[in-house]
Amino acid sequence: MNIDVKLLPSGGIGYNFPSVNINPMTFSGICDYMARVPKDDNLGKYLFDIDMLKSEDPNILNCYIMDVDFLIFYKKLITVSEDLSYQIEVKCPECGRKIKKTVSFEHDIHFKQIDPKIMNGAKIELGGHSYETIVPTVREFGRVFSKYLTYRKVTDLKMIKTIALIKDFETRANQVEEDVLGATHNDITLLLALRDLYYDQLEPITLYCPECNKGLDKSERRGVTVSVESLIVDFFRDLYVNCPIDGSKILFK
Ligand SMILES: [Zn+2]
């Protein structure tokens, strides 16, 4: 199925193709995925997911990382759910009860509105050095990512994505890495703001424990927030929970 690039978190700004092609996985596709996806290896898993999308549409290489993160989520969502809804279960931090919620793509998944201005990048000061930022595409991210895949000096994916926001990595890799990893004070705030602008485009989902919020006013309710990103992890493990077989599917003799 073709997804209009205007519907992606970036709004499709700067793309010279109108849509990307993403399809749900079949049963054999899921089994193959489960067998081959690297286990306990965040970086390897991310590369595997990107390669899976690329095999369906080579233009994925030209998509921004912020869009690809969404597309990884979307592919898994259309695989497990026909109506684009997904049931999640979260433990209430107050009482420990499990709270269930059906997350609907239409009602619960919201992107922050992207400002076209930020897509042109910015000039920043970090660790006393001047840098330029970019919104990395998969191709640009790949140049940074491949170094960390080989040497594993940094294994935090979000950190690598943050480093990839700095264009000067191409020419001053060590300095950029030092300035990001060793950031202090104001520089930390700056890096968090950059992450927020370029990667955290999906708004978290809030769940309310019915027990702990019993009898409370809407304004008094205390919610538990779940980031949509965290739902991508181990998506298929919950497949059985989310797609229970109803009586009409198997008729015992
Ligand atoms: Zn509770």
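Predicted model: local features only at pLDDT ≥ 70, side-chain atom pairs only at ≥ 80, totals over all residues.
The domain assignment of the chain gives two parts: domain 1, which covers 2–105 + 231–238, and domain 2, which covers 116–198. Taken over C-alpha atoms, the centres of domain 1 and domain 2 are separated by 24 Å.

Where the domains meet, 16 residues of domain 1 are in contact with 14 residues of domain 2. On the side of domain 1 that touches domain 2, helices H2 and H3 each supply at least two residues. The largest share of that side comes from H2, which gives five residues. Sorted by class, the side of domain 1 that touches domain 2 has 12 nonpolar residues and four polar residues, and no charged residues.

The largest nonpolar core has 38 residues, and the members that touch the most others are Val68, Leu71, Val144, Ile163 and Ala164. Two or more residues of this core come from each of helix H2 (42–56), helix H3 (65–80), helix H5 (138–151), helix H6 (157–163), helix H7 (173–181) and helix H8 (185–198). The largest share is that of H3, with nine residues. The core draws on both parts of the chain, with at least three residues from each of domain 1 and domain 2.

When residues up to four places away in sequence are not counted, Leu71 touches Val20, Ile22 and Leu53.

Terms used
Residues numbered from 1 in each chain as written. Core = buried A, V, L, I, M, F, W, Y, C linked by C-beta atoms within 7 Å. Buried ≥ 20, exposed ≤ 12 C-beta atoms within 10 Å, placed from the backbone. Helix = DSSP H or I, 4+ residues; strand = E, 2+ residues; numbered from the N terminus. Domains from an automatic or database assignment. Contact = placed C-beta atoms within 7 Å. Nonpolar A, V, L, I, M, F, W, Y, C, P; charged D, E, K, R; others polar.
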